[in-house]
Every structure is written in structure tokens, then in C-alpha cells.
Amino acid sequence: MSVSVEPTTVEPKQQEPGASAEALRPHAEDAFAAELTALAAQDDRPRPTRWKLSPWAVATYLLGGTLPDGTVITPKYVGPRRLVEVAVTTLATDRALLLLGVPGTAKTWVSEHLAAAVSGDSTLLVQGTAGTPEEAIRYGWNYAQLLANGPSRDALVPSPVMRAMAEGMTARVEELTRIPADVQDSLITILSEKTLPIPELGQEVQAVRGFNLIATANDRDRGVNDLSSALRRRFNTVVLPLPESVEAEVDIVSRRVDQIGRSLDLPAAPDGVAEIRRVVTVFRELRDGITSDGHTKLKSPSGTLSTAEAISVVTNGLALAAHFGDGVLRAGDVAAGILGAVVRDPAADRVVWQEYLEAVVRERDGWKDFYRACREVSV
């Protein structure tokens, strides 16, 4: 007969003094602790059990806004408000949330910030790969104790999902469709029955109120390890789109580059928005297969040319400008990064890039410096 297992205590994250400030990339709950604290202090709306904030405050944390006391909440996600509201509402129900989209649509970013705002802890994470074992989702064993004393609670090593169930927290599973199908299906009982059997002990862990799970999956991975219909029914799916406009994408790239630059102690680049806009324009045109004015059809390269890749290109260019230039972000600082992002297939993509350079970039007013810089690194 199965019996409920006492909730597994989740120990506070152990950090050395000042570790958060020294972390290359602090967790969301650490990086934006002041905003989360301000929201909690002024959040007078109903909160689901064990939630740190109300659904309204969680959405405000992600989308940004100004609180009654004047505190500014910076946007973490730039996109349709309704999608965020649906995602947050899903976590307040008994259905899990699946964030679906092409690479670079901020699935992981949104997942992390949702968990930080809802549970105050975004670290209960399972990273999906082709080699992810079932133990990563269910539980494992301390084999030294197992061999010495046999199966026991002391020998059991809880997974992040098990810990989230026991404590009423939000668990995260990244790249769900990269996980083998038989391992994926170990989530079915967890999501439908809200219980995790431990047959070796004749026990189970029952999820307490507040538990839920956020998974992310890549549109481009369809056919790798498709979700079974039984598992897909356990999720409410929210598709995160690419930014609708150039302005929206420039805003996203600018914000993230600024955040990353400050964490790396890179100097702010004056007038860097012009180059950011140029990078975004190139990526969008090649991604869409047509120029922004709609006059010229283009071949698209094999890569995704996502917003995340644009952020990487600009960040690298900012580092070049800071360490090997005059600190001003210029065409020559981003040209090599764009080439590396576009030309993934040395044969086919190089042809696409050369045609774009000659047919579009060369003839575009005000882009002569960019054309020369790209030609130099393309030789």
C-alpha cells in the first residue's frame, strides 16, 4: 500500500557572501530581486497557494510597468500581453505549461522569469538532451548508501521535479522534445495524477498545492522526439512568436545587450542603436526571404537568425569596440559576427550571403561602410 512521503525540504540556495554580485549570469530572482520585492510589497490581489505574487503582479513583472509608488518594473519580455496572461493563468490551474517556438523566441528566458516570479526560485531545472535519463525527472539513488543499507529515503536522490512537487514550487523542463520519448512519458503520471510513485519503497510523493511545471520545446525539433498525444494533452501550449516589427526587435536586442554589457563591465556604446537596427534588419530580411520594402525576394540561409543570435552578434561587436576600437559600435565590429551567424553551411549559405551583399547591401543608401566591412571578412 502506498503512503504519502513527507515533503522533501528544499534547502535555501547556498552562496558565498557577494556571490550573487560576482555571478556572470545571476538567476532571475537574484538579478531582479528589488523589483520582485517592490511588487510583493504593493501586490494586494489574491495569490494562489504558495505563490510569491498574484497572477497580475507576475504578468506585470514580465511585461513591465510602473507601480503606484513610482517604482519602474522593467520589461523582461516584449510581445503580446495576452500570451503572457494565458501563460500565467495556466500556472494557476492544474495544467502544465508548454512554451513552444522557433529558436531565439525567449522560451527559456520567459520560463525562468515565470518560475522566479511565481515561486521565487528558478533553479528547479531539468535540461533536456538526447541523453537525459528517467532519473532526471523522477529520482535517482545514492549508490553508496543503496549498496550499504538497501533502498531507503536516505539513499533516494530527488529530482528537481520531485522537489517541486513536495514543496509546491514551479519546476522547469528545457527542450522537452530533445528528451527520449520513453523518458518524456514519465511525466504523464506526474501531470495527470499529481503523484510520483516510488515502487522500491512502496511509497509515493504527492504534489502539494502550488506545484506546476513549465516545459519548453523548439519548433525546429519536430520529428526529433515528438510528444505523445497523452503527454501533449497534459499541457496548455503557448506559442511564442518572433518579434512583430523591427522596432520591437531592436528594443529587445538593445535591452538585453545593455544588461549583458553591464554584467561584463563593457562600456555603453554611444549611438549603438544604429548598428543594432542594421543587424536586426539583415536578420529579418534573410529570415523572411524578402527585403523590408517588399521589392526584392531573397534566399534564406539554413540558420534561424533569431533574436538571440542578434543579441550575441551585437554583444560581441560591443566587446570588439571596447577592447580593440574607440568604444563606438561600428559596422566593422558586427560584420564578422553576422557572417558567422548567416553562413552555417559553408557551401549553400555563402552563396546566399554573397547574393544578399551584392543585390541589397551594396545598393542601400548609407550602408557603404557596412558593405565594405562585410566584404573584408567574407574574403
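In the predicted model, helix 5 lies across strand 3, strand 10 and strand 11, and runs at about 165 degrees to strand 11. Helix 6 (residues 107-119) also packs on the sheet, where it touches strand 3, strand 7 (170-174) and strand 10, and its direction makes about 170 degrees with that of strand 7. Helices (H or I, at least four residues) and strands (E, at least two) are DSSP runs numbered from the N terminus; contact means heavy atoms within 4.5 Å. Axes are lines fitted to C-alpha atoms, for helices over the stretch in contact, and angles run from 0 to 180 degrees between N-to-C directions. Residues are numbered from 1 along each chain as its sequence is written. Because the model is predicted, local features need pLDDT of at least 70 and side-chain atom pairs count only at pLDDT 80 or more, whereas totals for chains, interfaces and linings use all residues, and side-chain values use heavy atoms, with hydrogens and water left out.

The open sheet has five strands in the order 4-7-10-3-11, with parallel pairing. Strand 4 (125-127) and strand 11 (235-239) are at the edges with a single partner strand each, so one side of each has no neighbour in the sheet. Strands count as paired if DSSP finds at least two bridges between them. Strand 3 (residues 96-101) and strand 10 (residues 212-218) pair in the parallel sense over five bridges, and Leu98 stands opposite Ala215 in strand 10.

Thr60 lies in helix 4 (residues 55-63). At 7% relative accessibility Thr60 counts as buried (under 20% relative accessible area, 1.4 Å probe, protein chains only). Leaving aside neighbours within four places in sequence, Thr60 is in contact with Leu39, Gly65 and Ile73.

Key: Buried means under 20% relative accessible area, exposed over 50%, partly exposed in between (1.4 Å probe, protein chains only).
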